[in-house]
Amino acid sequence: MPSGYNVRSGARERNSVLSRPEFMSLNHQPGRGGGGGGGGSGGGAPSACRGGARRPGQLKHQTSQQSEEPADGGSKDRREPSKMPEEDCMQLNPSFKGIAMNSLLAIDICLSKRMGVCAYASSSWGGCRSMVGLLALTGHGITWIIGTIVCLTRSNTLAGQEVLVNLLLALILDVMTVAGVQRLVKRRGPWEMTPGLLDCIALDLYSFPAAHASRATMVSKFLLSHLVLAVPLRILLVLWAFLVSISRALLGKHHLTDIVCGFALGMLHFSLMETVWLSSNTCQTLISISTLSWSPFY
């Protein structure tokens, strides 16, 4: 016999407003096949009942899927950690340093292109191209190496031979260092120029750093330090180094930053040669070995 509590709870459920057929959709989610008819029609209640009969299995299946999804998602997160929104923002928004560097490079390219007034025969200063090319030839590495060897063969003093041997080594060091850095950076000039024959021999194939600027700076500083020259000659030597460096920019071979770095590299080469300066006896030994007249047993 049912207890009084069960009778009262059953009566309360029958008298509840939400148990009416027109309010069944508020208590239960519509099934996949139901919900097509009107809210107050008689056919809506059976479909709701059928949807409710299928619902416990569906709820169990959905619950199992939800319980599996976090596990899968957790494993994916452990395998492939997702990026934080701040990292995405850092990639989308470049830093101030990157903006400044890109702006400076753009200014460098623009000014270098404007300075290439002798790049082609049809340029604004195309008529001076031969003269500017001749000026640049005076600072070429092959020119200086051949000239130093010729002077060394005709020198009769020990002091002169000492200076020339150290200058020859400094020139070789400059050519090898600049060629190595150019091979690493591989920066092209502001104008598309095909390297000449002497450039290929001296391995001056790229733009950064400017080989002529490095060599002219090193040679001028070397001669100013080890030769006794009058004041006008010293001024002309500095002016020559500056004009040789600028001539490469006028020919469209180098950027302004290439020339500035060439100046710094030339000063570095001079300081290095001053540190490892070869004495007169060492220079005489090197000259004897090179001329095959060295006799170490006598």
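Me: Which helices each supply at least two residues of the lining of the second largest pocket?
Reply: This is a predicted model, in which local features need pLDDT of at least 70 and side-chain atom pairs count only at pLDDT 80 or more, while totals for chains, interfaces and linings use all residues. Residues are numbered from 1 along each chain as its sequence is written, and side-chain values use heavy atoms, with hydrogens and water left out. A pocket is an open set of points on a 1 Å grid over the protein atoms alone, where a 1.4 Å probe fits, with protein on both sides within 12 Å along at least five of seven lines, and lining residues have an atom within 4 Å of a point. Among helices (DSSP runs of H or I, at least four residues, numbered from the N terminus), those asked for are helix 7 (141-154), helix 8 and helix 13 (280-290).

Me: Which helix gives the most to the lining of the largest cavity?
Reply: A cavity is a set of points where the probe fits but cannot get out, and the lining here includes Val175, Val178, Ala202 and Arg215. Two or more lining residues come from helix 8 (158-185) and from helix 10 (211-226). With four residues, the most comes from helix 8.

Me: Is Asp174 buried or exposed?
Reply: Asp174 has its place in helix 8, and, leaving aside neighbours within four places in sequence, is in contact (heavy atoms within 4.5 Å) with Ala211, Ser214, Arg215, Met218 and His269. Buried means under 20% relative accessible area, exposed over 50% and partly exposed in between, with a 1.4 Å probe and protein chains only. Because its relative accessibility is 0%, Asp174 counts as buried.
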